[in-house]
Amino acid sequence: MWTKWTTLSTAFCLIQGARGLPQTATSPASTGVLSITVSTAVASPTVSLSNSLPSQVPLPPKQAWCPSEIFCAGELLQTVNVAGLYPDPKTFVDKPTEKPSQQVLSNFRNVTNSSSLNVGSIVNFVDTDFRGEGLELEPVALANFNAQPTFLNNVTDPLLKGWSQVVHGYWTQLIRATNRSALCPTGSSGGPCESSLIPLNHTFVVPGGRFREQYYWDSYWIVLGLLKSELFGIVNDTLQNFMDELEHIGFIPNGGRVYYLNRSQPPLFISMLAAYVEASNDTSILSRALPLAEKELAWWATNRSLAVTSPFTNATYTVYRYAVNNTAPRPESYLTDYLTANDPTLSTPLSDSERADLYAELASGAETGWDYSSRWEKNPFAGGSNDTNPGLRTLNIRGTLPVDLNSILYKAHLTLAGFYNNQSRSAVAANHTRAAIALREGILDLFWDSPKRAFYDFNLTSNARGTILSAANFYPLWNGIIPDELLADGSGATAFGLFSTLNLVLNRYNGTYPVTFLETGLQWDAPNTWPPHQFIILEALRNLPSNITSTPLPPAPSGNSTYTLIPSGQLGIPEDQLPGQLIIGNSNATKTGSAADINTLNGTVFNGGNATEGQGWAAVLQRELANRYFASALCSWHATGGEIPNLLPRLSPEELNVTLSVNNTGNMFEKFSMSDIDSAGRGGEYTVQAGFGWTNGVVLWIASLYGDQLVAPVCPNLTAEVVTTSSSTNSNAAATLGLPSVLSLVGVVVVSVLGLFL
């Protein structure tokens, strides 16, 4: 049970005490749930065990919000990280101790004081004093699972109906709970053992892979999928977990580990609550939820708001930003942050204050959910796409007002006003309505660029709008903020202008909409496309009134590409500098002129569903994007070993060898590629993850809403892709094909062996 927590230090003391589970954990066969084997990483340093430890910079300051001497910034964590035991720094901080904390610390001191200290000493220490990562959690049976939810009736294509049912079944593999029997009693002999886990009272869905605990903003799209799967109980459990955190911690952390206690994530709790109430008609939850929703908004107002005077109108608004107080490497990315700040190639090392500022920016980037993107950098190409550290050292997240965050909070106020009006609490409702109206005015003033027909972040440093177009452009419309000039233009041309880059992507590339159109090597940039963004774009289109969306999709002028339909200055990139698109057997597609639109068909696009007479431009874009998302998710799943008996045969060993998936059974990836629908996305701080909660949720949501418009996709030939890439002399062309992503699947295949899809 939760106990009232008055401080984060008290919270941490109560969190101490998670002991590891047995090395394998299985769900009972009688439940009908597949057995899940939980495997853990083996230390694999890249140097000889006899090597001395690398020299270290002085320890960063202790972080008041993270007092553990084991899992927070300090001598033990830094020493283990510089020893380079695991490819992913998160592995170590997710390992519960095998022994009481004080004994672990004593053993560490004995090891590091030894004259024979080397990398092998640290490996032996960790192997002896820690258990497998994530073993404080256990897979559990999913009660009341219905293999035939109603939404499947909306999917008319037999293959896509069968695959949607397969994805629906993956929830049974992603359900977790805290293993209460593994928690150390506080008064146990020798003191408690220690874990970084925040124990939760209720079951929950994990995203998958290294994300083995509950996460905040991921859960929104997981919840949407669970609702389509009619798993209302798990959604209620998810909300109860978040309410426990709001009640006892004061806010919803980034994720379910103590090293996330200094930051949140995009505040979607109120939106999750609204989706649940609408789907289940369970209004009884509101008696607990509404006071805690107020607590969440109060936390954001107290900790993340500021007053900004517009340079355009001289009006002053209360608006929001991401800004984490942090002066040390993030524990889950300790070595990554440490090397970014202490790069040996720097001609002039960072000062202590510069290093502290960088650590705050890196943590703030993680709070955005977009960690990391050119959107946040002063100089995105400082190190080129093969070295992202120089760009990361120019992060300016705390100096940026994000249009997406402010749009989410606008909708949160409006949603609460609706709940209160339904309860005849008009005075409280009016307060939230006023807050929403004020925030809407600020969003349209600061972020909306009328000539460019797009929303951009506002840069506090330059006191001007940013210039990088990103998927954040669609957040205001998703949350119901539609500029008046879009509504006033009955022809729909102004509204189409906001979505014109989507039209370009669907005609020019094989995949879905990228985060940005800049290829920086960061995972929240091109060529990566993310499931939540495709959902947001579809919802933005759905929110437009029919009177401005009923006209036909405008064609590109003769001899020109769809690039010419984009309002001047909106994209900020010349056409010939856009990311490339490989054509199998022909290297890169041409980058300019009508030939650049390689996927244009009569009334539709390739893998965009069937042309439908009379559809307005917004309906066409929805149909095409919904189909393209299914193509990306299904083709990459099939390319990594997925099959459906009697509907979709397994690929040959020769084809599966291309993706190193001969022994795999299909991966649902966290992100995709705009140019190659056979592969996952790439870049970032960790290997591509499989699972995957929000990917599955968006699949089921699209199946429910667009099922009658979905057509089985044509997936590229894997062996032909390899031939094309091998014969190409253009390294960028090879990258846009996605082969590096495919090759990196060796790490993902290991993830699937950890029990996601056995």
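1. A residue is called buried when its relative accessible area is under 20%, exposed when it is over 50%, and partly exposed in between (1.4 Å probe, protein chains only). Both E670 and K671 are buried. These two residues form a salt bridge, in which the closest N and O atoms are 2.8 Å apart. A salt bridge here is a side-chain nitrogen of Lys or Arg within 4 Å of a carboxyl oxygen of Asp or Glu.

2. The model is predicted: local features need pLDDT of at least 70 and side-chain atom pairs count only at pLDDT 80 or more, while totals for chains, interfaces and linings use all residues. Residues are numbered from 1 along each chain as its sequence is written, and side-chain values use heavy atoms, with hydrogens and water left out.

3. The structure holds 26 salt bridges. One of them joins the side chains of D129 and K99, at 3.2 Å from N to O. This pair links distant parts of the chain, 30 residues apart, with D129 in helix α5 and K99 in the loop between α3 (90–93) and α4. Helices (H or I, at least four residues) and strands (E, at least two) are DSSP runs, numbered from the N terminus. D129 and K99 are both buried.

4. A further salt bridge connects the side chains of D244 and R288, at 2.7 Å from N to O. Because D244 lies in helix α9 (residues 232–248) and R288 in helix α11 (residues 286–304), the pair ties together parts that are 44 residues apart in sequence. D244 counts as buried at 5% relative accessibility, whereas R288, at 24%, is partly exposed. There is also a network of salt bridges, which links K90, D94, E136, R212, E213 and R257.

5. How do helices α4 and α5 lie relative to each other? The axes of α4 (residues 101–112) and α5 (residues 119–129) come within 10 Å and cross at roughly 165 degrees; the two helices are therefore roughly antiparallel. Axes are lines fitted to C-alpha atoms, for helices over the stretch in contact, and angles run from 0 to 180 degrees between N-to-C directions. Angles under 35 degrees count as roughly parallel, over 145 as roughly antiparallel, 65 to 115 as roughly perpendicular and the rest as oblique.

6. Helix α2 (residues 75–82) packs against α4 at an angle of about 55 degrees, with the axes 11 Å apart, so α2 and α4 are oblique to each other.

7. P96 is found in the loop between α3 and α4 and is buried, with a relative accessible area of 0%. P96 and S196 are 100 residues apart in sequence, yet their C-alpha atoms are 7.0 Å apart in space.

8. Some backbone details deserve attention. A cis peptide bond, with omega about 5 degrees, joins D371 and Y372, and Y372 is found in the loop between α13 (352–368) and α14 (389–392). The peptide bond from A526 to P527 is cis, with omega near 5 degrees; P527 lies in the loop between α20 (500–508) and β11 (528–529).

9. N281 has a positive phi, near 60 degrees, in a residue other than glycine. N281 lies in the loop between α10 (269–280) and α11 and is exposed, with a relative accessible area of 64%. N646, which is not a glycine, has a positive phi of about 70 degrees. N646 lies in the loop between α22 and α23 (653–658) and counts as exposed at 85% relative accessibility.
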